[in-house]
Amino acid sequence: MTASGAQRGATGYAATAEQILLSSPDVGPLEEDYLLRAFRSGWIAPAGPDITAFEEELASQADVVHAVAVSSGTAALHLGLLGVGVNPGDSVVTSTMTFAATANAITYCSASPEFIDCLDDGNMDPKLLREKLDESSRRGRLPAAIVPVDILGRPADYDRILPLAAEFGIPVVVDAAESLGSRYGERRVGGLGQASVVSFNGNKIMTTSGGGALLTNDGELAAYARYLSSQARQPVAHYEHTEIGFNYRLSNLLAALGRAQLIRLDSMISRRRMVRSRYASLFRRVPGVELFGAENPHRDNCWLTAVLIDPDQAGFTSSELSKWLASSGIETRPLWKPMHLQPAFAHCSVLGGATAERLFNTGLALPSGSAMNDDQVDRVLLAIDRFLCG
């Protein structure tokens, strides 16, 4: 559809009237300006000054010393796991309530993911983590790392997870792919654990089209990740490689896009928070429906707003609401299908799982993007209201 045949988003760029997406990229004139300046500078090849500037600005935003910009959040997690010493044959504990990329990155290290269940807010259950680590200690085979996941942007319970990890001497690499801009108490997401990783995929809180970053206060870990991300090339005149590296570096042009997005991050979070408040007002009067993770005490970035629907009380299921909204051109999605139910990871161990399965069966993510204009937000709410009144 041409711009003349579409609604205009809040940024002034076209957003199609026919379909409202969960979380579309929110870009506008500032991003165009940064990209054009980078293009005209001649730094088209992967390296360039915008990468350095983006890493510095990102590290400052997250209150960490180092940021390493790479091609995806998955790549960042892979590098982080290698950097903390995950080796072939090791195990890595993570939550079963997550996207496949978390478990995939573990397998890239030729290690095995071991899944544990979540709390009602979708994040790793520290009590089950304790049970898992006690069992592993008795067997004399502790996991090489722990990977908590900040589900839909809400930080996990690090006041319990980090002391547990320290007690057993296990490094923590936080999958913060969805939680850039969130806060854990007074701390910004990014400085928790030995490292945290964030994603700049097109549907995330901010985007570089595709991309991600490793955030850490550990200078050696950052240097090793940067080295591995550039094919592990030795610092000599010719091409010398003493270990296997990866082509993971973010391009200069995409880093320029990220710099513009980072400037707008706080305003985009505020917009998503407003959208969530509209949903909260609507569903407050509906029995059997609650905002997912509403009891989490930390200030999240409102990346995605989801609801949990108890069909016995509400009189309808999440799939019925989803189908109704789809008929109106409104995208929704169930919460993550737990990893222990995924065929690719059926051979992996899991501790618990019932809570994650319940959230998958009852949860529904709703359009939450900061690029939605007021008319689109109203359209979603009206469609939900008509469903409820039907």
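## Ground rules

This is a predicted model, where local features need pLDDT of at least 70 and side-chain atom pairs count only at pLDDT 80 or more, while totals for chains, interfaces and linings use all residues. Residues are numbered from 1 along each chain as its sequence is written, and side-chain values use heavy atoms, with hydrogens and water left out.

## Salt bridges across the chain

Take a salt bridge as a side-chain nitrogen of Lys or Arg within 4 Å of a carboxyl oxygen of Asp or Glu. By that rule the count is 19. Asp26 and Arg264 make one of them, with their closest N and O atoms 3.0 Å apart. Asp26 sits in the loop between β2 (14-15) and α1, Arg264 in helix α8 (residues 252-283), and 238 residues separate the two. Helices here are DSSP runs (H or I, at least four residues), as are strands (E, at least two), numbered from the N terminus. Glu31 joins in as well: Asp26, Glu31 and Arg264 are linked in a network of salt bridges.

Another salt bridge brings the side chains of Arg226 and Glu55 together at 3.2 Å, N to O. Here helix α7 (residues 219-229) supplies Arg226 and helix α2 supplies Glu55, 171 residues apart. Arg226 counts as partly exposed because its relative accessibility is 28%, whereas Glu55 is buried at 8%.

Then there's Arg285 with Asp385, whose closest N and O atoms are 2.5 Å apart. Arg285 is in the loop between α8 and β12 (289-291) and Asp385 is in helix α12 (residues 374-389), so this pair ties together parts 100 residues apart in sequence. At 52% relative accessibility, Arg285 is exposed; Asp385, at 24%, is partly exposed.

Strand β16 (residues 363-366) is covered on both faces. Gly363 and Ala365 are buried on one side, and Leu364 and Leu366 are buried on the other. In a regular strand, side chains alternate between the two faces of the sheet.

Two strands count as paired if DSSP finds at least two bridges between them. Strand β13 (residues 305-309) runs antiparallel to β16 and is joined to it by 4 bridges. Strand β14 (residues 333-334) is also antiparallel to β16, with 2 bridges. Leu364 is the bridge partner of Val307 and of Pro334.

Ser196 belongs to strand β10 (residues 195-199) and is buried, at 0% relative accessibility. Its side chain reaches the backbone oxygen of Leu192 at 3.1 Å. Beyond neighbours within four places in sequence, Ser196 has contacts (heavy atoms within 4.5 Å) that include Val174, Ala176 and Leu214.

Ala111 is in the loop between α4 (100-108) and β5 (112-116), and at 7% relative accessible area it is buried. Gly89 is 22 residues away from Ala111 in sequence, yet their C-alpha atoms are 5.1 Å apart. With neighbours within four places set aside, the contacts of Ala111 include Gly89, Val92 and Ile106.

## A nonpolar surface patch

Leu36, Phe39 and Ile44 make a nonpolar surface patch of about 280 Å². Patch members have over 30% relative accessible area and no salt bridge; like charges are joined within 9 Å, nonpolar side chains (Val, Leu, Ile, Met, Phe, Trp, Tyr) within 5 Å. Accessible areas come from the Shrake-Rupley method with a 1.4 Å probe, and for residues only the protein chains shown count as cover. Ile44 lies in the loop between α1 (29-41) and α2 (49-62), and its relative accessible area of 41% makes it partly exposed.

Technical notes. Buried means under 20% relative accessible area, exposed over 50%, partly exposed in between (1.4 Å probe, protein chains only). A polar contact is a pair of N or O atoms within 3.5 Å; within protein, one must be able to donate a hydrogen and the other to accept it, and residues adjacent in sequence count only if both atoms are side-chain atoms.
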